[in-house]
Amino acid sequence: MTVAQAAERLGLSVHAADGAIDSAITGAVVSDLLSYVMANGKRGNMWVTIQTHSNLVAVAALGGLSAIVIAGGFEPADDTVARAEEEGIPLLASADAAYTVAGKLWEIGVR
Amino acid sequence: MADRVPADLHVHTALSPCGSEGMRPAEILLTAEQRGIRVLGIVDHSTAQNGWAVAEAAHAFELRVFVGLEIESAEGVHLLALFDDARAGMDMDAVVAAHLPSLRNRPDLFGEQLLLDEWGEVVGTDERLLAAATDLSVEEIAGMTAARGGMSIPAHIDRTVNGLLPLLGFVPPALQVEAFEVSRHMTRSEARARWPELAERPLVTGSDAHYLDDIGAAYTWISAELAEAPTGAREWGQRLAREMTRSGD
């Protein structure tokens, strides 16, 4: 499963780095504590969060995550979009709650 | 240590829902003075309304009082915004009020929020849910504080609940604050050992007192000269930062 395929099946909007959405997803991590993801996010994970701060991008880049999904209808901050573009980290968003996004990812086989 | 005096920049009043009803101006000031505290920061969650009462009452004490707020950012991070006087504090109070959710406090769940006068008499209650996050980023809060002549200090940066480092992973590069507060559960040298990025950062400690007995439970030694320095809060914070960079415990 690639980021692009998951984005299409979940109807996620793409806010940055659409050139990098063909990378493979290895699973997902759900957390709003960035320190938790720094310690526990695994390479290729898709990260579901309601945080929108630009620190998200550095944490995702550090851990080699495949994409960030901002759930709950929150808009990514402008500097977050710019950083994601710079770092080539796909930045996606959903109007669904984080719980629903995680459930849908599980349903389409991201486990 | 005569040239050094203790500062506790993080003390709540009875207006904070989790604050004891005993946290009234004279009692706070008497306790602080008895414990040798010379500089006090008075903050409540999302509001500075009781700050003026404490600042008024402080004229009878040998204490310098900064009036401020403990503001929760959209990311869940708590920041202290400290000002010279109640007027500047109330200006920030109005800004924060416009960025809080419109929820009402449930005293049975969160506690009473008592508005006090300088004599410690209850003059009302704040009906809003003060223990709530604004929709402002940490950078926006620090910027608005600076624009009003105040100093910003992210509170208890080591704590998983509302602390900057667990929530945001690291100090955002664009964040401009005067100092960082380590909670009383950890020493500053322990914090620097755990987070190497703090090595060159100005660190302070504060009690985060919600009860009289906790006032001064953690404090920061500052120079007596700084304690008395007749500068505005922002410049005072910058001088504090110079004293606290690489300082130990």
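The contact between the two chains draws on 10 residues from chain A and 10 residues from chain B. The model is predicted.

- On the side of chain A that touches chain B, helix H2 (34–40) and helix H3 (55–63) of chain A each supply at least two residues.
- H2(A) gives the largest share of that side, namely three residues.
- By residue class, the side of chain A that touches chain B comprises five nonpolar and five polar residues, and no charged ones.

**The sheet of chain A**

- Chain A holds an open sheet of five strands with mixed pairing, in the order S1-S5-S4-S3-S2.
- Strand S1 (13–16) and strand S2 (27–30) of chain A are the edge strands, and each pairs on one side only.
- From one strand to the next, the twist averages 25°.
- S1(A) and strand S5 (residues 91–93) of chain A run antiparallel and are joined by three bridges.
- Within this pairing, Leu92(A) in S5(A) is the residue opposite Val14(A).

**The largest nonpolar core**

- The largest nonpolar core has 102 residues.
- Those that touch the most other members are Met46(A), Ile68(A) and Val69(A) from chain A, together with Val54(B), Val67(B), Leu79(B) and Ile153(B) from chain B.
- In soluble globular proteins, nonpolar side chains tend to be buried together.
- When neighbours within four places in sequence are left aside, the contacts of Ile153(B) are Leu9(B), Leu79(B), Leu80(B), Val177(B), Glu178(B), Ala179(B), Phe180(B), Glu181(B) and Val204(B).
- Leu79(B), one of these contacts of Ile153(B), is itself listed among the core residues that touch the most other members.

**Helix H5 of chain B**

- Helix H5 (residues 138–147) of chain B has as its buried residues Val138(B), Glu139(B), Ile141(B), Ala142(B) and Thr145(B).
- These buried residues line one face of the helix, because they fall within an arc of 165° when seen down the axis of H5(B).
- The cover over the buried residues of H5(B) includes strand S3 (64–72), strand S4 (78–83), helix H3 (86–97) and strand S7 (151–154) of chain B.
- After H5(B) comes Gly149(B), which has a positive phi, near 80°.

**Ala88(B) in helix H3 of chain B**

- Helix H3 of chain B contains Ala88(B).
- Ala88(B) counts as buried because 23 other C-beta atoms lie within 10 Å, the threshold being 20 or more.
- Apart from neighbours within four places in sequence, Ala88(B) is in contact with Phe83(B), Arg148(B), Gly149(B) and Gly150(B).
- Gly149(B), one of these contacts of Ala88(B), is the residue with positive phi that follows H5(B).
- Ala88(B) and Glu235(B) are 147 residues apart along the chain, and their C-alpha atoms are separated by 15 Å.

**Strand S1 of chain B**

- Strand S1 (residues 4–11) of chain B is mostly covered, with six of its eight residues buried.
- S1(B) runs antiparallel to strand S10 (residues 220–223) of chain B, and four bridges join the two.
- S1(B) runs parallel to strand S2 (residues 39–45) of chain B, and three bridges join these strands.
- Ala7(B) has a bridge partner in each of these strands: Thr220(B) in S10(B) and Val39(B) in S2(B).

Terms used:
Residues numbered from 1 in each chain as written. Chains lettered and ligands numbered in written order. Predicted model: local features only at pLDDT ≥ 70, side-chain atom pairs only at ≥ 80, totals over all residues. Core = buried A, V, L, I, M, F, W, Y, C linked by C-beta atoms within 7 Å. Buried ≥ 20, exposed ≤ 12 C-beta atoms within 10 Å, placed from the backbone. Contact = placed C-beta atoms within 7 Å. Nonpolar A, V, L, I, M, F, W, Y, C, P; charged D, E, K, R; others polar. Pairing = 2+ DSSP bridges. Axes fitted to C-alpha atoms, helices over the stretch in contact; angles between N-to-C directions. Arc of directions from axis to C-beta.
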